[in-house]
Amino acid sequence: MGLLRRRAVGRPEPDDSCGPTVAIGAAEARMPVRVVGQVSRMRARPTTGVPALAVTISDDTGSIVAVWTGRREIGGVTLGRRLLIEGVALRRAGHLEFTNPAYTLLP
Amino acid sequence: MKVVIAGAGSVGRYMAMQLLAAHHEVTIIDQASAVATRHRDQMEGITWHIGDACELDTLAATGCADADVVAAVTGDDEDNLVVSLLAKQEFAVPRVVARVNNPDNEWMFNEMWGVDLSVSTPHLLTALVEEAVSVGSFVRLLSLEGGRARLAEVTLAAGSPAIGIELAALGMPRESTVVAVLRDGHVVVPRGDTVLRDLDEVLVLVTGDSDDDVRRLLVG
């Protein structure tokens, strides 16, 4: 869970003790999860109204969407970039969606 | 449904009782233990939680993690926004409803703060007064999906260009639809062949920028 974890252990490390990552296809909704995947799609939405950046992150098992509100880009988050995402996701129209999850850029 | 209500003022308490009567599982959060002590006895079946709803730990303790709806209805807009954001961001609550106290703040109650549906009492009252006094004008009742869809109401005046025309022939813009017609105290479910009459109250769901077109068709 983004804030709780950030507050409890500071900046997350991919291999530290705050929990293992799960395959994207195995991630569950409404539970704190950590997933690692590659950015496969980026979309700034919508053109009018509240700005938001929707990023699709995929691994071999599936895709999830992370939405960051109030921004249209995030430095370092580019197509093909590997990301560690942690947060609580909501199931929406068949896919899991995070709102403002914690993220770590991976090499 | 599991509902968590932040704010045990008159709005929160009323909502809690209504939702309980509809057999929902209701938890109510308030900072003041005096409020709980005073009202707990008359509100059997409702789970009370004393704490600051703007604190993550409080929300976690009230079971937001598996709540279907969180309603932020305190008398403080800042608190309502914080509760909404936490509910959406940290607990992925599917439906977050927030109360707008000061209409000047309404623009913030949107997706950016995790709000799915905002209800502004002053705005609603204005709309209702407007509705009560005006025939032949376009009254916005409710805003959905962060303002991307609006429910509006028009009471057709005698001179409305829509009178006597079948709905299908009215040429409503694609971004809008007539959802109900209130006629002589009855609700008419609109079909393509429904013919609008003088003094019909027409409820329209409007999205995009189609307000002006709808207004032109129904009001003239």
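Two residues are taken to be in contact here if their C-beta atoms, placed from the backbone, lie within 7 Å. The structure is a predicted model, and in it the contact between the two chains takes 16 residues from chain B and 16 residues from chain A. On the side of chain B that touches chain A, helix α4 of chain B, which spans residues 77-91, gives the most, with 4 residues. The residues on this side of chain B divide into 6 nonpolar, 5 polar and 5 charged.

Within chain B, the assignment separates domain 1, residues 2-119, from domain 2, residues 134-218, and the C-alpha centres of these two domains of chain B lie 33 Å apart. Where they meet, 4 residues of domain 1 of chain B are in contact with 4 residues of domain 2 of chain B; the side belonging to domain 1 has 1 nonpolar, 2 polar and 1 charged residues.

The classes on the two sides are set out below.

| Domain 1 of chain B, touching domain 2 of chain B | 1 residue | 2 residues | 1 residue |

The largest nonpolar core has 53 residues, and those with the most contacts inside it are Ile5(B), Ala6(B), Val70(B), Ala71(B), Val83(B) and Ala87(B). Helix α4(B) gives the most to this core, with 7 residues. Leaving aside residues up to four places away in sequence, Ala71(B) touches Val3(B), Ile5(B), Ala6(B), Met15(B) and Val97(B). A second, separate core of 14 residues includes Ala152(B), Val154(B), Leu156(B) and Val204(B).

Key
Residues are numbered from 1 along each chain as its sequence is written. Chains are lettered from A and ligands numbered from 1 in the order in which they are written. This is a predicted model: local features need pLDDT of at least 70, side-chain atom pairs count only at pLDDT 80 or more; totals for chains, interfaces and linings use all residues. Helices (H or I, at least four residues) and strands (E, at least two) are DSSP runs, numbered from the N terminus. Ala, Val, Leu, Ile, Met, Phe, Trp, Tyr, Cys and Pro count as nonpolar, Asp, Glu, Lys and Arg as charged, and the others, Gly among them, as polar. Domain bounds come from an automatic or database domain assignment. A nonpolar core is a set of buried Ala, Val, Leu, Ile, Met, Phe, Trp, Tyr and Cys residues joined through C-beta atoms within 7 Å. A residue is buried if 20 or more other C-beta atoms lie within 10 Å of its own, exposed if 12 or fewer, and partly exposed in between; C-beta atoms are placed from the backbone.
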